[in-house]
Amino acid sequence: MNDKTNTKVGDNTRLAHMGNNPRDFHGFVNPPVVHASTVLFPDAHTMATRNQKYTYGTRGTPTSDALAAAMNELEGSAGTIIVPTGLAAVTVPMLAFLSAGDHVLIVDSVYHPTRYFADTMLARLGVEVTYYDPHLGADITSVMQSNTKVVLTEAPGSGTFEMQDIPAIVEAAHKGGAIVMMDNTWATPLFFRPLDHGVDISIQAATKYPGGHSDILLGTVSANEACWEQLLDTHGALGMCAAPDDVYQVLRGLRTMGVRLERHQKSALTLARWLEGQKGVARVLHPGLESHPGHEIWKRDFTGASGLFSIVLDGGGEKEAHAFLDALQYFGLGYSWGGYESLAVHVQLNDRTVAHAPKEGPVMRLQIGLEDVEDLQADLARALEAVNAL
Ligand SMILES: Cc1ncc(COP(=O)(O)O)c(C=O)c1O
């Protein structure tokens with residue numbers, strides 16, 4: 001840990017100095033990118049006892065240590081594992097803390113591939129899965145069972161942006177003997193620190209805002225003291241380490257994440273407010289808006305909003321959704337988010353079991369990039385015109 005970092009200075013100062021200490025590597029500002037499988041030992045005794053800091057590429061390098069240290073500082077965690085994708089950042093902790101005969105509660109507004117993992121692999125491994133309403137707070141007890149070991153939260157929800165009462169869920173889950181995990185990719189630890197609110201495991205698709213340039217896949221999982229050893233052990237057992245160049249790129253991305261997020265936040269809120277008054281828009285699903293049902297929770301617990309939200313079109317179906325997307329010039333049609341460029345997608349919600357899709361019309365998810373906001377507004381106006389002209 002760099003001695004220039006402490007929690008009293010501002011976020012951007014911390015982001016600029018955390019992770020590595022330049023003095024540890026000849027004064028170079030950035031840490032080396034260590035490509036490694038084999039690490040040599042000086043003698044047979046050291047090799048037999050593995051009594052040195054680094055032992056093999058899968059078990060950590062100065063590059064992965066730098067990113068893990070930065071994430072521990074951001075998350076306030078005891079330890080962080082780095083995995084190849086954001087999806088792996090969800091699946092690895094689930095595999096670490098669930099066994100045959102256990103029950104897991106997963107929020108119904110979860111990122112769809114998490115649901116697929118639970119319905120296929122967890123089910124095959126003998127883990128019972130229940131999806132719960134994102135609006136359940138302390139009432140989560142109503143769906144808990146004696147064998148509930150993990151409660152997975154994700155707030156705001158994927159595509160539909162429901163907020164969750166995380167502190168209330170944590171209190172109820174802990175009372176019932178379960179640990180709480182949170183996919184906190186939307187807020188990043190800059191806008192919400194899950195462990196400060198009692199969450200045991202914080203999950204981040206570092207592909208999004210930490211990477212920030214749509215050219216990297218990576219995930220981080222940060223644990224509190226009680227969960228760290230078991231998480232680390234599973235990481236080692238699965239051999240799920242990430243490639244050094246990708247790890248380095250995410251550490252690089254963190255340096256500018258604060259200033260990028262400020263811009264994402266401002267542009268997204270400007271556009272969300274503007275969209276609320278536009279013909280053809282039934283609703284805007286952005287927790288930072290006063291009209292959002294989860295706004296009070298967002299205001300109480302979060303310190304900011306990132307650049308991803310949805311709009312519900314006022315009527316129509318696939319034809320209207322496609323007209324909207326096809327009229328866009330600067331918003332690309334593509335998955336993922338958190339990069340510098342704007343994206344739009346027609347959200348598919350037929351997987352939901354209790355958190356039903358908005359009924360007014362198709363849900364369009366918008367990732368607001370770093371472009372000039374006037375150009376993005378003109379693009380969205382063009383898309384709405386195309387829908388209204390049908
Ligand atoms: C909320 C959330 N979690 C996890 C992921 C998975 O990240 P990755 O694309 O790196 O696997 C995504 C990707 O869209 C996501 O939206």
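1. F302 is buried, at 6% relative accessibility. This is a predicted model, and the notes below concern its aromatic rings.

2. F302 pairs with W186.

3. Where do the two partners sit? W186 is in the loop between strand 5 (179–183) and helix 7 (188–191). F302 is in the loop between helix 10 (295–301) and strand 9 (308–313). The pair therefore ties together parts that are 116 residues apart in sequence.

4. The W186–F302 pair belongs to a cluster. W186, F302 and F192 together make one aromatic cluster.

5. How many aromatic pairs does the whole structure hold? A search finds four. Among them is F25 with F28, whose ring centres are 6.0 Å apart. Their planes stand at 40 degrees, so this pair is tilted. The angle lies between the limits of 30 degrees for stacked and 60 for edge-to-face.

6. F28 counts as exposed, because its relative accessibility is 51% and the cut-off for exposed is over 50%.

7. One charged group also deserves a look. R115 lies over the face of Y131. The distance from the ring centre is 4.3 Å.

Key:
Residues numbered from 1 in each chain as written. Predicted model: local features only at pLDDT ≥ 70, side-chain atom pairs only at ≥ 80, totals over all residues. Heavy atoms only, no water. Phe/Tyr/Trp six-rings, centres within 6.5 Å; stacked < 30°, edge-to-face > 60°. Buried < 20%, exposed > 50% of the residue type's maximum accessible area, 1.4 Å probe, protein only. Helix = DSSP H or I, 4+ residues; strand = E, 2+ residues; numbered from the N terminus. Lys NZ or Arg CZ within 6 Å of the ring centre and 35° of its normal.
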